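Visitor: Please take me through the salt bridges in this protein. I would like a close look at that part alone.

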Amino acid sequence: MTSSNGMTRIAVASFIGTAIEFYDFYIYGTAAALVLNSTFFPDLSPVVGTLAAFSTFAVAFIARPLGSLLFGHFGDRVGRKSMLVASLLTMGLATVGIGLLPGAAQIGILAPVLLVILRFLQGLGLGGEWGGAALLATEHAPKGKRGWYAAFPQLGPSVGFFAASGSFLLLSAVLDDAAFREWGWRVPFLASAVLVVVGLFVRLRIAETPVFTELVEKQERASMPLVEMFRQAPKRLLLGGGVIVVCYVLFYTSTTFVLSYGTTTLGYSRNTMLILSIITIWALAVGTIVASRASDAYGRKPVLIFGTLFSVVAGLLLFPLLGSGSVVLAGVALALALGAMGLVYGPLGAFLPELFDTRFRYSASSFAYNLGGVAGGALAPTVAAALAADYGPGAVGIYVAAAAVLSLLCVLGLPETRDVELHRVSGSATGAGGGSAAAG
């Protein structure tokens, strides 16, 4: 069993990598809402340019399942640790590249083309990140505390978003609009280089997980983990991906879309919306921690069922509160939405890995996670913008609530996993995560 000092190091390593990678991912979403349309699509109208910027935002979600398959294959064959280092480098280099990329005024059509390529690489890196970080925590954690230790990589999105929004708020405060649009927006992208170095230093000092080490020692690694996961657990892949859909719909509706909607339609200033985002993102962190701890005490499914039901309510209240004209009520709306996301997102750090056999756990948990990311997040800002334009903001709330109902149905179709055994014994896994029990 890993010592308490060792578990602290594991928790930090699983957290810091996801925080950095989600920081990289979110600064793009913030920039897409604020400035990328004028930098890379200057010949389009403001509305069409914003939609074009959000479309490049979606490219990374298309790449994420591919990244999960690529990094997952080698994570199940070579090891969790090495893929965590590779995914962090992929994301970091792509992010710095975006910060250095000339705009359309300098290199014409090549600018948006290169932007799409770099955004694709961002998605590829993030596609491999989450599964490795979640497995790093769960496969080291003692039984009965997997939900708690798996909360650390789940905190990456809230801390990464806080850092991303904070950096843009600081730049908006010290730069005038012209300077911000000309070069200021690039600073958070370039700062990623420092964060990646820190992350690599931490991750290179951790040990491989004992579960994977045991698999190697017994010479039981799958030669084709992707084939095994699709053959043995297709139902769990689909339902596991469906559970996380509401998380992405909630997040990107209440952050990326609301940032744009609040500044263009509701008349809030950019700084007001950024401040609201920074304040309310802590509701996501609190919801994540509370739900993760509760999932160890009461089981994964009861907490997830409560979280999805709460998400229905939060989705329906989101836009009535936002449109009230009160900054306080707008903050309450965002806190409810992000808190609801945390209640679902927190337990998934342990729940998704526990669903699958060790031989293909990295591949399967990563693919399910990113499949849900594509379904829930890739087009969420674009769909929300289209619904708001054609049917009003109330339709966006119904869209969020429908996503919550979908995730609830997927939770109900999956087994409880809190007490499964992650270690493999004599060539077969015990508990719900292995053998014939993992069949879809």
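Guide: A salt bridge here is a side-chain nitrogen of Lys or Arg within 4 Å of a carboxyl oxygen of Asp or Glu. The model is predicted, so local features need pLDDT of at least 70, side-chain atom pairs count only at pLDDT 80 or more, and totals for chains, interfaces and linings use all residues. Residues are numbered from 1 along each chain as its sequence is written, and side-chain values use heavy atoms, with hydrogens and water left out.

Start with the network. Salt bridges link D76, R80, E139 and R361. Across the whole structure, a search finds eleven salt bridges.

Now some pairs. D296 and R300 meet through their side chains at 3.0 Å, N to O. Both D296 and R300 are buried (under 20% relative accessible area; exposed is over 50%, partly exposed in between; 1.4 Å probe, protein chains only).

R181 and D177 form another salt bridge, at 3.1 Å, N to O. Both sit in helix α10, residues 177-182. Helices are DSSP runs of H or I, at least four residues, numbered from the N terminus. R181 and D177 are four residues apart, about one turn of the helix. R181 is partly exposed, at 32% relative accessibility. D177 is partly exposed too, with a relative accessible area of 40%.

Last, D419 and R418. Their closest N and O atoms are 3.7 Å apart in a salt bridge. D419 is exposed, with a relative accessible area of 52%. R418 is partly exposed, at 23% relative accessibility.

Technical notes. Helix = DSSP H or I, 4+ residues; strand = E, 2+ residues; numbered from the N terminus.
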